[in-house]
Amino acid sequence: QVQLAESGGRLVQPGGSLRLSCAASGLTFSSTNMGWFRQAPGKERDFVAAIRWSGEITYIADSVKGRFTISRNNAKNTVYLQMNNLKPEDTAVYHCAARSRYASDYSNWGQGTQVTVSS
């Protein structure tokens with residue numbers, strides 16, 4: 001079955017950086033679009049970033065544009081979220097998700113990794 005395992009979340013000070021990783025298994029990763037979402041306590045889940053199966057096209061939410069980047073390594077079945085200049089409002093559980101190449105919705109989700117930005 002499809003498994004997505006996020007890692008890299010931790011407590012970081014404002015202005016700091018983190019790189020989240022999401023290791024995928026049970027799917028043809030090189031044909032799968034990947035995304036990152038986040039959910040803060042008491043709030044809805046928000047889109048953060050997405051990357052097409054080939055890695056050539058990426059999408060970044062306006063709230064994090066200029067600070068976050070998404071990338072992937074198809075040889076390692078892993079997608080990354082590089083987060084720079086972190087702010088307290090970036091505090092959330094970050095989930096990666098998988099969407100088949102021609103599908104409209106994300107069908108598989110990871111358990112998430114906690115990112116806390118605080119001094």
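Predicted model: local features only at pLDDT ≥ 70, side-chain atom pairs only at ≥ 80, totals over all residues.
Close-up 1. The side chain of Arg 67 reaches the backbone oxygen of Ser 63 at 3.3 Å. Residues are numbered from 1 along each chain as its sequence is written, and side-chain values use heavy atoms, with hydrogens and water left out.

Arg 67 sits in the loop between strand 6 (58-60) and strand 7. Strands (E, at least two residues) are DSSP runs, numbered from the N terminus. Arg 67 counts as buried because its relative accessibility is 10%. Buried means under 20% relative accessible area, exposed over 50%, and partly exposed in between (1.4 Å probe, protein chains only). Beyond residues up to four places away in sequence, Arg 67 touches Gln 82, Met 83, Asn 84, Asn 85, Leu 86, Lys 87 and Asp 90. Contact here means heavy atoms within 4.5 Å.

**Close-up 2. Salt bridges around Asp 90.** Arg 67 forms a salt bridge with Asp 90, with the closest N and O atoms 2.7 Å apart. The pair links distant parts of the chain: Arg 67 is in the loop between strand 6 and strand 7, Asp 90 is in the loop between strand 8 and strand 9, and they are 23 residues apart. Shared partners join Arg 38, Arg 67 and Asp 90 into one salt-bridge network. A salt bridge is a side-chain nitrogen of Lys or Arg within 4 Å of a carboxyl oxygen of Asp or Glu. Asp 90 also meets Arg 38, at 2.9 Å from N to O. Arg 38 belongs to strand 4, so this pair ties together parts that are 52 residues apart in sequence. Asp 90 and Arg 38 are both buried.

**Close-up 3. A salt bridge between exposed residues.** The side chains of Asp 62 and Lys 65 meet in a salt bridge, 3.1 Å from N to O. Both Asp 62 and Lys 65 are exposed. The count of salt bridges comes to 3.

**Close-up 4. The largest nonpolar core.** This core has 27 residues. Trp 36, Leu 81, Met 83 and Tyr 94 have the most contacts inside it. Elements giving two or more residues include strand 3 (18-25), strand 4 (32-39) and strand 8 (78-83). A nonpolar core is a set of buried Ala, Val, Leu, Ile, Met, Phe, Trp, Tyr and Cys residues joined through side-chain atoms within 4.5 Å.

**Close-up 5. Ser 21 in strand 3.** Ser 21 is found in strand 3. Ser 21 counts as buried because its relative accessibility is 17%. Leaving aside neighbours within four places in sequence, its contacts include Ala 5, Trp 36 and Tyr 80.

**Close-up 6. Two asparagines with positive phi.** Asn 77 has a phi near 55 degrees, a positive value in a residue other than glycine. Asn 77 lies in the loop between strand 7 and strand 8. Asn 85 has a positive phi of about 50 degrees, although it is not a glycine. Asn 85 is in the loop between strand 8 and strand 9.

Conventions:
Helix = DSSP H or I, 4+ residues; strand = E, 2+ residues; numbered from the N terminus. Polar contact = N/O pair within 3.5 Å; in protein donor to acceptor, adjacent residues only side chain to side chain.
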